[in-house]
Each structure stands twice: as C-alpha cells, then as structure tokens.
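Morning, everyone. Please look at the model on the screen, and I will walk you through its charges and its rings.

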Amino acid sequence: MSDTRNHRVDDLDRLVSELHQIIPSRSVPIASDTPELADWLHQVRDQDGSDLLLVAGLPPLAPVKGQVSRLRGDPLSGEDVESAVSPMVPSRLRERYRDGEAIDLAFTLKGLGRFRMNLHRERGRPAAAIRALPTRIPRVSDLHFSHDITLLAELPRGLVLVCGPTGSGKTSTLAALIAEINSKHSRHIVTVEDPIEYEHAHGRSVIEQVEIGIDAPDFPTALRAAMRQAPDVIVIGEMRDPETMRIALAAAETGHLVLATVHATDASAAVSRIADAFPVERQNAVRQELAMALAAVLTQSLVQTRTRTLAPVAELLLVRYGARQHIRKNALQHLNQEITITRKSGSFTLEESLAKLVLGGVMDRGDAMVRASHPEELESLLRGV
C-alpha cells in the first residue's frame, strides 16, 4: 500500500511540474509608453517604500514608515494620473471606471516586480493607490506571528476565517497558508480572487487561481464552478455578499477546507457580519450552519514596533463544542471565553499576542495597553514587568 501511495505522489509531482511549465503568468505587463509610472515606482523602491499615491494637485507621494513623502516631480493633474496608469487597465475595467466604479487590478513591471492598483476618483478627478507585491510567496514564519498558525493548514475540512481591517495582511496570511499546504500535502486547491496578488506555483498540490473579471464575472459564479472541479481546498479572497457566504458555508459543510477573509474585529463580529448579511428570517438558520461549518477564526492587525516597523498581533479561536453552542444560541459574547478554554488546542487571545511582543522588547507596554480588548487580562500577563 505504501509503495502504491509513493508512486501516486511521484506521478502527481511530475504532473504538476509539467503543468507549471505550460501555464503562463497572468499579470499584465507594463506598457512601454508609461515611463513616468516606472520612474515613480523606482523612487518608491529607492526609499524602501511599498506604496505610491497619485493625487491631483500634488506630486507623486510615497508613505514610508508612517510618513508621507513627496517624490521628485511636478504636481499632477487628473489627466496626468489617468495617462500614466491607463495603459495598465484592461478594456473591461476601463468601462467600469468610466461608469463611476473604483477598480482593482494587478500588473507586472519588468525589473521591479508585481503591483496591485486601486484606481478611483476624488473630487471628480482620477487618483490611484499602487502597492508593491512581494516577489515571492511568504512562508508562515516570514509573517512573524507571536503564535503558531500553521495548524490552520492542517485542518482537514471546515470554514477558516481570516479577519481584520483593510491593510492588516489578511491576503499575505492566506498566501502563506496556501504555501504551507502546497509544500506538505497533495491536494487540489482552487483560489478565487479579485485581483490575484500572489501567483502560486504548483508544488505537491495543484493550484488553480481564478481571477474575477477574467475567468469569471463574480465570486458566486466562480465558486459554483469551483464546486464542480473536485477541489480539496477552496480559497476565497473576500466574502463580500450573501451568495458567496452561502456557497462557502455549503462547501465547508460538505467536507471541503474553505479559507476566506472577512472584515471583522474578532470572532463574534465575524459571525455577526455573516449572519447579518442575510434577511432577518434567514439569520438563525445561517447561525446554525455556521455552528456546523466554522473551524477557526483568526483575527489580525498590524502594530508599529519600537523600531517603527510593523508586526502582526492576532487572536485565534479554534471552534469546538462550546463555541458551536454559543453560535447556535447567538450568545456570541461568550466566544472570547472559548479561546481560553481551547488554548491547549492552539487558540490564543489578542492579549497573549500583545504580551509576547512586550515581553520580547518589540512593543512598548503603553502601546500594547491601548490595543488590548481586555486591558485587565494584558495587565495580568505583564504583571511584574
């Protein structure tokens, strides 16, 4: 039996290696007639920044270590911004932008790497925010969480929510968890993203990445198709609407491992956000489904350290019997207690995460107290420090 399994793994390894050779990069290459954009992004890199802001009436801007600095160049007009970035925007998105939508996309600049861009308007004028994307997939250890979160990649099934505000690193965490699965397990992984930020190579697993607007018109359509593709793991870039949430719950209940991001501040807020997205008459039924499907809730945010770098603080709830009962009864105020009860399984509180940063000399005690949801718990953990 062992020899047969080894042969199957070897066959899979050869297959994914061949697939990786024939699947081209999906990123949009930068146009040759946009030297201004290339120059601005070079300046951002030279300042060790990761973001470029283009706002009419100001020169190009680069937030670096919490301070916004001005790059070389004259103040921009709205037309300057649009002419610099429009060659990067596919025609399908240009139409949406003309209709008044803000649009998101990813592109590649040769010699600099990949970037994510949000093109929007302010005071009726074009504006853009462009962020450099890492050139390699992060490992979980690269993210410097205070506690081990690799156990999330070992879960066989269920819904795993990665929560936090915009810019808290949720996408990087998802990418690291996918890489963890890809390096250890032979699974079929389907991601649904808008846009694709990290391009995964096939490893032990086969990874299909579906981009909204290119491969499917919206998340529900992409997820319904993914369910017919025999996936083991489904990754949802963001759960934005009730239909996406419904399909994610159904997939988790039917034996898939589903990883998804949600804008929420803790486990109870995540459950409420999902349930409240449905009509009132459906919310109790949705809570019952969540109680069955939910496997874990990781909430994260970024804090500034003593060296003015950013570090993650997080909270992890592994959902067990007690948490399921609280979700069923809509007694969500008790979920924080369940983190303590399931600590031996790998759960940890925000205060425990903050305490590790303070005790490690990474963060000031006062700053940690401001961040704590339960300052008295943090005070107890730091007593004597």
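**Salt bridges, rings and a patch**

A search of the whole structure turns up 17 salt bridges. A salt bridge here is a side-chain nitrogen of Lys or Arg within 4 Å of a carboxyl oxygen of Asp or Glu.

Some ground rules. This is a predicted model, where local features need pLDDT of at least 70, side-chain atom pairs count only at pLDDT 80 or more, and totals for chains, interfaces and linings use all residues. Residues are numbered from 1 along each chain as its sequence is written, and side-chain values use heavy atoms, with hydrogens and water left out.

Take Arg-131 and Asp-51. Their side chains meet in a salt bridge, 2.9 Å from N to O. This pair links distant parts of the chain: Arg-131 sits in strand E7 and Asp-51 in strand E2 (residues 51-54), 80 residues apart. Helices (H or I, at least four residues) and strands (E, at least two) are DSSP runs, numbered from the N terminus.

Is Asp-51 buried or exposed? Asp-51 is buried, at 16% relative accessibility. Arg-131 is partly exposed, at 31%. Buried means under 20% relative accessible area, exposed means over 50%, and partly exposed is in between (1.4 Å probe, protein chains only).

Next, Arg-240 and Asp-194. They form a salt bridge too, at 3.2 Å from N to O. Again, distant parts of the chain are linked, with the two residues 46 apart. Both residues lie in loops: Arg-240 between strand E11 (233-236) and helix H7 (242-253), Asp-194 between strand E9 (188-193) and strand E10 (206-211).

There is also a network. Salt bridges link Glu-122, Arg-123 and Arg-125.

Now the rings. How many aromatic pairs are there? The count is one. Phe-107 and Phe-115 have ring centres 5.5 Å apart and planes at 25°, so the pair is stacked. The rule: rings of Phe, Tyr and Trp (its six-membered ring) pair if their centres lie within 6.5 Å; planes under 30 degrees apart are stacked, over 60 edge-to-face, the rest tilted. Phe-107 is buried at 0%. Phe-115 is buried at 3%.

Last, the surface. Glu-36, Asp-74, Glu-79, Asp-80 and Glu-82 form a negative patch. Patch residues have over 30% relative accessible area and no salt bridge; like charges are joined within 9 Å, nonpolar side chains (Val, Leu, Ile, Met, Phe, Trp, Tyr) within 5 Å. Helix H3 (residues 78-85) gives the most, with three residues. Glu-36 is in helix H2 (residues 35-46), and is partly exposed at 42%.

Notes: Areas by Shrake-Rupley, 256 points an atom, 1.4 Å probe, with all protein chains shown as cover. Lys, Arg positive; Asp, Glu negative; His and termini not counted. Charge placed at Lys NZ, Arg CZ, Asp CG, Glu CD.
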